[in-house]
There are 2 protein chains.
Amino acid sequence: MENDVIFIGKKPVMSYVLAVLTHLNSGNDKAVIKARGSTISTAVDVSQVVINKFMKDLKISNIEVGTEELDGKDGGKRNVSFISIVLNK
Amino acid sequence: MENDVIFIGKKPVMSYVLAVLTHLNSGNDKAVIKARGSTISTAVDVSQVVINKFMKDLKISNIEVGTEELDGKDGGKRNVSFISIVLNK
């Protein structure tokens, strides 16, 4: 499960699309796209490009949103939203 | 159902939090937070602030992501991702 996670950052959408496709074409039946904060919209884009352009039989089996507490730059805590999108063959 | 939709734009998160709270405190049991493109992350933030800070008994009953075709500026079509988060009392 942990090994199925593709974490979304600030790179272009296609970088993560390629990561998901590589993962699913390496003997894995599942990929979990995770993102925090402003990259959440990129995570949704990645799921849509993978499904609509490359693997039309792939299904979204679960979507979760929530809040994580991260260490802030000033030593305090800050809350950040996350999304987790589970893709299954 | 259509009347339960709060559409997320470029305003601050708290504007939409207030819109959702007002909707749910006006005799409605359901609110649907919808967003397209880069405002998707704001939609997730809005759902989390509403639940964690204001209405802890609220449940997310469904989350949907998908692609919509919009008219582009050049007269062509462009695809844009959306999210829909359903909150229920």
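Biologist: Where is Gly66(A) found?
Modeller: In this predicted model, Gly66(A) sits in strand β3 of chain A, which covers residues 59–71.

Biologist: And why is Gly66(A) called partly exposed?
Modeller: Count the C-beta atoms: Gly66(A) has 15 others within 10 Å. Buried takes 20 or more, and exposed takes 12 or fewer. Its 15 lies in between, so Gly66(A) is partly exposed.

Biologist: How far apart are Gly66(A) and Arg36(A)?
Modeller: Along the sequence, 30 residues; in space, 9.5 Å from C-alpha to C-alpha.

Biologist: Which residues of α1(A) and α2(A) make the contact?
Modeller: From α1(A), Val13(A), Tyr16(A), Val17(A), Val20(A) and Leu21(A); α2(A) brings several, including Thr42(A), Asp45(A) and Phe54(A). By class, the contact has nine nonpolar residues, one polar and one charged.

Biologist: How many residues of chain A are in contact with chain B?
Modeller: 15, and they meet 16 residues of chain B. On the chain A side, α2, β3 and β4 (77–88) each supply at least two residues. The largest share, seven residues, comes from α2(A). By class, that side divides into six nonpolar, eight polar and one charged.

Technical notes
Residues numbered from 1 in each chain as written. Chains lettered and ligands numbered in written order. Predicted model: local features only at pLDDT ≥ 70, side-chain atom pairs only at ≥ 80, totals over all residues. Contact = placed C-beta atoms within 7 Å. Helix = DSSP H or I, 4+ residues; strand = E, 2+ residues; numbered from the N terminus. Nonpolar A, V, L, I, M, F, W, Y, C, P; charged D, E, K, R; others polar.
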